[in-house]
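Biologist: I would like to learn how to read helix packing and pockets from a set of coordinates. Could we work through a case?

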Amino acid sequence: MRQWTSRKIFQSIHGRNLVYNTCWEDPRLDRAALQIGDRDTIAMITSAGCNALDYLLDRPAAIHCVDVNPRQNALLELKLAGFRSLRYADYFCLFGRGYWHDFSARYPSDLRPFLSPASQSFWDQRTHWFTKPKRPFFFRGTTGNFARWMNVYMDRIARVRPYVQQLFELTSVAEQAELFDRELWPKVWRWGLRTAISRDTTLAMLGVPGPQRRQVEQSFPGGIAGFVEQSLRSVFAQRPLQDNYFWRVYLLGEYSSNCCPEYLREENFAAIADGLFERVQTHTMTMQQFLQSHQGEISRFVLLDHMDWLADVYPKQLVAEWQSIVDRASIEARLIWRSGGLHTDYLDQVSIRSECGERFPLMQLLRFDRELAASLHCHDRVATYASFYVASMAA
């Protein structure tokens with residue numbers, strides 16, 4: 001019954017809302033793992049679209065962004081439209097500050113014409129998301145709503161706002177750790193927050209389904225709360241924060257010009273606006289559906305963490321998706337994905353059908369670079385996934 005309830009809560013939240021207003025995976029790791037070249041075609045899950053724009057800087061031939069949630073693709077379409085018609089300063093207000101006073105006036109003529117009908121319908125009703133300085137875009141959507149509540153908690157209950165501001169101004173990890181342990185941790189990490197963070201509704205808002213919750217609980221003695229505690233300490237007391245734009249945007253409500261995704265830096269904005277953005281296409285469907293309908297080969301796959309959910313709830317769909325990946329992958333294809341668990345074994349159960357109709361284990365086709373994955377994972381600025389995987393198709 002608990003699993004059924006958890007699944008219904010997750011489906012209800014994801015089926016009606018924009019969930020991710022910014023990507024929560026570190027593209028610095030992705031680009032090092034994928035080794036993107038100018039002949040590569042990438043198939044990836046859209047999320048908020050930030051990382052697709054980051055990958056563009058490696059100038060791949062094409063990027064196909066696939067998501068079953070049309071609102072995620074609507075967000076990426078809005079970002080792509082901005083490259084067509086906006087100056088850098090206006091673009092940074094929109095997606096760097098999350099607030100642009102001219103958005104309502106400029107949206108109809110400068111952005112709307114470049115959106116699909118579905119995305120037009122979505123943004124026509126939400127122009128106010130970018131016009132409220134006290135509640136910018138990064139406090140919208142389900143993850144944004146959670147971030148907003150956390151800021152209210154820090155301001156009015158924990159009362160640690162000055163220390164949060166100071167944390168992002170420090171220049172050494174030792175100073176961060178000292179401030180974190182002395183002023184932030186004992187005031188923020190209270191029983192009420194530990195309890196709230198473990199609830200199904202909270203986790204669904206953050207995009208964590210029930211199966212992934214169970215993977216975390218099996219991997220960490222303290223369950224969700226134990227994993228969150230480890231992650232927070234890793235981010236704020238063990239790694240430099242000066243370029244950690246992931247946590248900055250949710251704790252301070254905006255990026256800065258020196259701490260932001262690569263596509264928001266002025267020199268990179270110019271390169272993307274010069275035509276690179278045209279290499280991105282959005283597809284509102286499952287990854288399996290996209291691959292089965294796509295005619296060309298795919299050389300790079302970015303699968304995020306959705307297999308945690310598929311393996312538990314839709315195991316047949318997981319097998320079908322991998323069949324479509326194998327069928328469409330080029331000989332030199334590279335793949336990356338993440339998991340909430342420290343270890344995963346669900347791919348051990350997947351078998352693939354050959355062109356002759358015979359079935360054989362998927363793991364015979366994959367060559368894992370565990371050393372590279374582990375070394376990159378140690379530098380993950382987000383620190384919200386327990387494990388990271390890098391694989392290529394075995395020759």
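Modeller: This is a predicted model. Two packed helices are described by the angle between their axes and the distance between the axes. Here, helix 2 (residues 27–34) and helix 20 (residues 370–377) have axes that come within 10 Å and cross at roughly 160 degrees.

Biologist: Why is helix 2 described as roughly antiparallel to helix 20?

Modeller: Because the crossing is at roughly 160 degrees, and angles over 145 count as roughly antiparallel, helix 2 is placed in that class relative to helix 20. The crossing of these two helices is right-handed.

Biologist: Which residues make the contact between helix 2 and helix 20?

Modeller: Helix 2 contributes L29, A32 and A33, while helix 20 contributes L372, L376 and H377. By class, that contact has 5 nonpolar residues, 1 polar and no charged.

Biologist: At what angle do the axes of helix 4 and helix 6 cross?

Modeller: The axes of helix 4 (residues 70–85) and helix 6 (residues 103–111) cross at roughly 80 degrees and come within 10 Å. Angles from 65 to 115 count as roughly perpendicular, so helix 4 is roughly perpendicular to helix 6. On the helix 4 side the contact is made by L78, A81, G82 and S85, and on the helix 6 side by F103, R106, Y107, D110 and L111. These residues divide into 5 nonpolar, 2 polar and 2 charged.

Biologist: Now the pockets. How much space lies in the second largest pocket?

Modeller: Rolling a probe the size of a water molecule over the atoms shows where empty space is left. In this model the second largest pocket holds about 340 Å³ of space. Its lining has 16 residues, and the closest to the pocket centre are V326, D327, A329, E355 and L365.

Biologist: Which elements give two or more residues to that lining?

Modeller: They are helix 19 (315–328), strand 5 (329–339) and strand 6 (351–353).

Biologist: And how does the lining of this pocket divide by class?

Modeller: It has 9 nonpolar, 3 polar and 4 charged residues.

Methods. Residues numbered from 1 in each chain as written. Predicted model: local features only at pLDDT ≥ 70, side-chain atom pairs only at ≥ 80, totals over all residues. Heavy atoms only, no water. 1 Å grid on protein atoms, 1.4 Å probe; cavity = no way out; pocket = protein on both sides within 12 Å on 5 of 7 lines; lining within 4 Å. Points joined across faces, edges and corners; volume = space filled by probe spheres on them. Helix = DSSP H or I, 4+ residues; strand = E, 2+ residues; numbered from the N terminus. Nonpolar A, V, L, I, M, F, W, Y, C, P; charged D, E, K, R; others polar. Axes fitted to C-alpha atoms, helices over the stretch in contact; angles between N-to-C directions. Parallel < 35°, antiparallel > 145°, perpendicular 65-115°, else oblique. Left-handed = near helix turned anticlockwise from the far one by under 90°. Contact = heavy atoms within 4.5 Å.
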